[in-house]
Amino acid sequence: MSDIKKILAQMSLEEKIAQLQATSVENLLEGKEFSEDKAKKLLRNGIGQITRVGGTRLGLSPKEVARLTNKIQKFLMENTRLKIPAIVHEECLTGLMVKTATAFPQAIGLASTWDPDLIREVSSTIRYQAKLIGTNQCLSPVLDVCRDPRWGRCEETYGEDQYLVASIGLAYIKGLQGENELIATVKHFAAHGFPEGGRNIAPVHVGNRELREVFLFPFEVAIKLGKAMSVMPAYHEIDGVPCHSNAELLTKILRQEWGFEGIVVSDYDAIRQLEAIHKVSLNKKEAAILALEAGVDTEFPNIDCFGEPLLEAVKEGLISESIIDRAVERVLRIKEKLGLFNNPYINENNVPEKLDNSKSRELALDAARKSIVLLKNDSILPLSKNIGTIAVIGPNANEPRNLLGDYTYTGHLNADGGIEVVTVLEGIMRKVSNNTKVLYAKGCDIATESKEGFSEAIEIAKKADIIIAVMGEKSGLPLSWTDVPGKDEFEKYQAVTGEGNDRTSLRLPGVQEELLKELHKIGKPIILVLVNGRPLALSSIFNEVNAIIEAWFPGEEGGNAIADVIFGDYNPSGRLPISFPIDTGQIPIYYNRKPSSLRPYVMMKSKPLFPFGYGLSYTEFKYSNLEVTPKEVNSSGKIKVSLEVENVGKREGEETVQLYISKQYSGVSRPIKELKGFAKVYLKPNEKRKITFSLPLEALAFYDQYMRLIIDPGEYEVLIGKSSEDMVLKDSFRVTGSMRPIYDRRVFFSEPKVE
């Protein structure tokens with residue numbers, strides 16, 4: 001009998017259920033201090049997890065977090081019968097959500113880098129900072145494929161394409177988990193990024209084929225290749241079945257088909273929502289039974305349905321204790337895998353006063369630079385540092401808080417994050433020559449209708465040689481799932497994106513468009529810098545500006561990164577991970593739609609303003625010598641796609657080569673094209689490099705009309721693009737033989753080789 005089995009055999013029912021519970025750290029405190037009296041009540045039978053020791057509004061320093069975590073673990077080791085330590089979890093979407101931790105770009109910005117190696121370095125840094133303070137589990141990455149950017153959580157995703165989401169997500173998981181040092185939690189399982197009306201928690205309407213091929217694919221990669229140790233189900237329902245009570249998802253697919261061996265943790269309060277929102281249970285007891293039987297192992301963030309209601313359900317014979325044992329064993333095995341039984345403590349002497357340091361800030365700067373996408377440039381960029389006068393205008397120009405996405409310490413809690421955030425105004429002022437004059441005016445708020453600041457903005461714009469308008473959105477302040485905030489509350493925070501902040505329009509909020517149009521009337525060149533979390537509909541102001549820079553929420557070094565791009569110290573290399581519509585009414589407008597979805601509207605085409613994969617550079621790249629071998633291949637083989645890329649411009653830069661595959665005829669309707677590989681390559685002027693993709697045929701598999709996973713014979717087109725719309729090289733190959741079903745699916749990626 002294994003040690004875990006022996007522990008399980010000794011446990012009372014109350015001790016077992018305690019391992020399926022979590023409690024917020026605030027429940028164990030008097031002020032900021034650990035309370036043994038409270039612990040004796042809450043932790044008498046042990047506990048599965050402690051919720052966010054550092055990620056609270058208490059503003060604890062890293063040393064205070066470590067000290068408090070040690071006290072909790074010490075209590076469990078010395079004052080409970082079985083001496084089982086707890087897992088401590090935190091949020092870490094854009095960095096560890098703890099005071100003084102590094103604030104990297106928001107997830108949608110990280111995806112814009114198209115650079116898995118960089119992402120792995122970012123998440124490795126997050127792991128290092130998390131381990132310093134005793135964090136064992138991080139509630140990220142988000143692997144939702146965002147198909148409706150009205151949804152406020154679009155900013156947390158890696159975009160609209162399942163292959164890109166899987167690639168970036170896999171790199172994040174590998175960096176975060178290391179050698180089983182930390183638990184990555186992939187979420188939200190599944191299809192959270194396509195909610196009805198773009199509203200958070202709303203039902204998702206997808207067929208089984210689309211669910212598996214698009215929305216489940218990144219999770220399948222995360223489990224099979226990334227060995228992610230935790231999964232978090234989504235809040236919503238699919239075809240009437242909430243994800244937290246969906247045994248098809250949580251047991252059949254996740255564990256039986258994919259071989260998942262980790263723990264399934266609930267989203268915050270999601271089990272209670274089975275009763276309160278979805279109305280599929282009469283009470284908490286029924287909700288607990290539904291969730292546990294479906295495959296949820298731990299309830300977050302506090303003891304609720306998995307408390308007395310679950311205990312009563314077992315005692316009344318409504319659920320078998322063997323189901324409890326199954327979940328408890330999973331929890332204990334993860335604790336064993338983390339090494340918590342051997343040593344649950346942190347060396348407090350190793351904890352710095354501040355988690356952020358010069359090395360991590362340099363990485364944050366690199367990530368922010370690479371996340372920036374140049375959308376438009378009428379030969380105005382890069383700017384000279386010796387320009388006479390610059391007018392910096394806009395609600396996001398000089399607000400440090402506004403450069404941070406949701407689930408950063410400052411961004412989520414509206415609290416002091418304990419780090420320096422470089423604003424765009426500061427970045428510009430640091431960059432220009434001593435002879436350049438920089439003027440600033442806010443101009444307007446993010447989302448109110450007040451135009452009081454227009455006159456000041458127009459006045460300084462008239463004095464300037466060029467205008468840099470820094471506009472967009474603000475993230476954070478999660479809203480209730482039912483209530484619209486009061487006017488006073490909204491005007492205080494003005495958060496229009498982030499969890500619970502869903503929009504009906506994708507145009508610039510408030511009066512920002514009006515301010516841009518007034519500035520345009522002055523006749524000075526305008527550079528528009530966007531700081532935002534979702535694609536915006538820019539058609540009404542596209543012709544009013546000379547350049548557009550998409551910076552997303554770039555994090556603590558955002559101002560320096562944006563200034564580096566504006567003044568040419570960095571050549572922008574970001575590419576869009578999600579399409580920008582001409583108008584909100586085009587949504588959904590993801591690139592890999594079916595042929596029947598391309599019909600134009602009465603007064604508008606169905607193509608986007610800026611397509612998936614798009615991004616400009618300060619140099620030019622030439623593609624040549626495409627070769628696909630072999631030209632004929634059987635369904636168990638692989639093809640190689642090679643080409644050459646040359647920098648034919650005058651500046652060094654990075655190009656993202658994108659490989660798409662298209663098949664015109666199949667037994668079921670297929671997307672017009674699908675991303676199957678990409679490679680980011682650095683080139684000096686006149687430098688040429690060869691890129692080779694190795695593509696196994698299983699990467700082309702899809703579900704046929706009988707929901708069999710197959711490789712279909714026939715002609716396939718190979719498309720090499722600078723974006724999903726700009727194809728510069730084309731070739732084809734043929735898959736010979738008959739249709740081949742795949743019974744034991746393996747997950748493959750095309751591995752690029754750069755020579």
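R272 is partly exposed, with a relative accessible area of 29%; partly exposed lies between buried (under 20% relative accessible area) and exposed (over 50%), with a 1.4 Å probe and protein chains only. The model is predicted, so local features need pLDDT of at least 70 and side-chain atom pairs count only at pLDDT 80 or more, while totals for chains, interfaces and linings use all residues. Residues are numbered from 1 along each chain as its sequence is written, and side-chain values use heavy atoms, leaving out hydrogens and water.

R272 and D304 meet through their side chains in a salt bridge of 3.7 Å, N to O. A salt bridge here is a side-chain nitrogen of Lys or Arg within 4 Å of a carboxyl oxygen of Asp or Glu. D304, at 17% relative accessibility, counts as buried.

The whole structure holds 55 salt bridges. One of them joins E321 and K16 at 2.8 Å, N to O. E321 sits in helix 14 (residues 321–337) and K16 in helix 2 (residues 13–18), 305 residues apart. Helices (H or I, at least four residues) and strands (E, at least two) are DSSP runs, numbered from the N terminus. K16 is buried at 6%, whereas E321 is partly exposed at 32%.

Seven strands form an open sheet in the order 1-4-5-6-7-8-11, with parallel pairing; two strands pair if DSSP finds at least two bridges between them. Its edges are strand 1 (22–24) and strand 11 (263–264), each pairing on one side only. Strand 4 (residues 49–51) and strand 5 (residues 87–90) pair over three bridges, and I50 has V88 in strand 5 as its bridge partner.
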